[in-house]
Amino acid sequence: MSDNVISIQGLAKTYATGVEALKPVDLDIRRGEIFALLGPNGAGKTTMISIVCGIVTPSAGTVTVDGFDHQRDYRAVRRKIGLVPQELHTDAFEAVIATVTFSRGLFGCAPDPARIEKILKDLSLWDKRKAKIMELSGGMKRRVMIAKALSHEPDILFLDEPTAGVDVELRRDMWNLVRELRDMGVTIILTTHYIEEAEEMADRVGVINKGELILVEEKNVLMKKLGRKELTLNLSDVMETIPPELAEWNLELHADGHELLYAFDANAERTGVPSLLRRMSDLGIGFKDLNTTQSSLEDIFVSLVHEERAR
């Protein structure tokens with residue numbers, strides 16, 4: 001059995017209008033991982049997963065899902081995939097348990113009330129099972145969409161902007177749910193423009209911008225490799241200008257001269273921090289406090305997109 005559950009090669013989409021929504025993409029998704037596809041709105045995230053899920057026809061390229069060709073073996077592929085779309089489309093007048101049960105039947109699965117009950121309980125929907133969809137809050141409707149996607153027990157779950165427009169508490173609940181699904185062996189691919197979502201959950205991160213997959217990396221490696229640290233020194237006395245003797249450190253003055261900021265590569269052999277502190281001591285520049293902060297995935301993402309635009 002291959003370690004890769006999805007293999008994408010040369011996948012591209014150009015619409016009849018001439019809009020190139022997706023430039024040729026090569027990507028392998030590993031079995032059992034949480035893969036976050038990160039990018040701004042309109043970057044091509046939804047186009048890419050819509051092709052894999054068989055909703056959009058590609059202009060070029062191939063997709064293999066657990067050994068099945070996504071166009072030739074369409075039914076087998078769809079059976080393996082659950083999709084939670086960005087838009088909330090469901091029958092407003094249907095009861096929760098009825099719509100989830102119906103979704104299972106659509107995939108040719110035998111009725112399994114115990115399975116449906118477990119899914120609804122896992123998603124905190126059991127108490128709402130008889131409620132009509134129209135009576136639910138937006139967050140509860142999104143849970144119903146996930147329940148429908150899980151009803152046929154897929155091996156792979158696509159979540160397209162799963163927490164867009166939901167409150168912080170529900171977002172946390174959904175993150176926990178995604179981790180539980182991964183622990184059960186489900187491969188999760190989520191698209192998001194919430195940086196903290198990828199930072200919190202993903203094993204690997206792909207960054208997409210203007211239809212081009214510009215980077216795929218282990219999340220921890222990415223943050224370590226591109227992570228920048230900042231040293232902030234709270235000065236004892238206000239500094240009007242940075243002395244020329246400190247020019248080599250490219251420092252910045254902040255907080256009306258009360259703070260000195262030094263950015264450095266945390267992975268470099270020489271960070272420059274000890275020599276900076278020695279030089280400040282030699283110059284009689286005192287500080288009351290100091291702290292360092294590691295750059296976030298957001299900083300990394302912004303710098304990547306900026307580099308892409310500058311090319």
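This is a predicted model: local features need pLDDT of at least 70, side-chain atom pairs count only at pLDDT 80 or more; totals for chains, interfaces and linings use all residues.
Student: Why are α3 and α4 called oblique to each other?
Tutor: They pack at an angle of about 125 degrees, with their axes 11 Å apart. Axes are lines fitted to C-alpha atoms, for helices over the stretch in contact, and angles run from 0 to 180 degrees between N-to-C directions. Under 35 degrees counts as roughly parallel, over 145 as roughly antiparallel, 65 to 115 as roughly perpendicular, and the rest as oblique. An angle of about 125 degrees falls in the rest, so α3 and α4 are oblique.

Student: What makes the contact between α3 and α4?
Tutor: Val96, Ile97, Val100, Thr101 and Arg104 come from α3. Arg115, Ile116 and Leu120 come from α4. Contact means heavy atoms within 4.5 Å.

Student: What makes α3 roughly parallel to α5?
Tutor: Their axes come within 8 Å and cross at roughly 30 degrees. That angle puts α3 in the roughly parallel class with α5. This crossing, of α3 and α5, is right-handed. Val96, Thr99, Val100 and Ser103 of α3 meet Val144, Ala147 and Lys148 of α5.

Student: What are helices and strands here, and how many are there?
Tutor: They are DSSP runs, numbered from the N terminus: H or I over at least four residues for helices, E over at least two for strands. The protein chain has 10 helices and 14 strands.

Student: How do you know what span to expect of α6?
Tutor: The expected span is 1.5 Å times one less than the number of residues. Helix α6, residues 168-183, has 16 residues, and the expected value is 22 Å. From first C-alpha to last, α6 reaches 23 Å, close to that.

Student: Which residues of α6 are buried?
Tutor: Leu170, Arg171, Met174, Trp175, Leu177, Val178 and Leu181 are buried. Buried means under 20% relative accessible area, exposed over 50%, and partly exposed in between, with a 1.4 Å probe and protein chains only.

Student: Why do the buried residues of α6 line one face?
Tutor: Seen down the axis of α6, they fall within an arc of 165 degrees, so they line one face of the helix. The arc is that of the directions from the helix axis to the C-beta atoms. An α-helix has 3.6 residues a turn, so residues three or four places apart point the same way. On the other side of α6, Val168, Glu169 and Asp183 are exposed. The buried residues pack against β3, α4, α5, β7, β8 and α7.

Student: What makes α1 largely enclosed by the rest of the structure?
Tutor: Of its 8 residues, 7 are buried, so α1 is largely enclosed. They are Lys45, Thr47, Met48, Ile49, Ser50, Ile51 and Val52. Just after α1, Gly54 takes a positive phi of about 85 degrees.

Student: How do you know whether Leu37 is buried or exposed?
Tutor: Its relative accessible area is 1%, which puts Leu37 among the buried residues. Leu37 lies in strand β3. Its contacts, not counting residues up to four places away in sequence, include Lys45, Met48, Leu190 and Leu213.

Student: How do you know whether Arg142 counts as buried or exposed?
Tutor: Arg142 is at 5% relative accessibility, so Arg142 counts as buried. Arg142 is in helix α5.

Student: What is the phi of Asp256 and of Asn250?
Tutor: Asp256 has a positive phi of about 55 degrees, though not a glycine. Phi of Asn250 is near 50 degrees, also positive in a residue other than glycine. Most residues other than glycine have a negative phi.

Student: How do you know whether Asp256 is exposed or buried?
Tutor: With a relative accessible area of 72%, Asp256 is exposed. Asp256 lies in the loop between β12 and β13. Asn250, at 64% relative accessibility, counts as exposed too. Asn250 sits in the loop between β11 and β12.

Notes. Residues are numbered from 1 along each chain as its sequence is written. Side-chain values use heavy atoms; hydrogens and water are left out. A crossing is left-handed if the near helix is turned anticlockwise from the far one by less than a right angle, and right-handed if clockwise.
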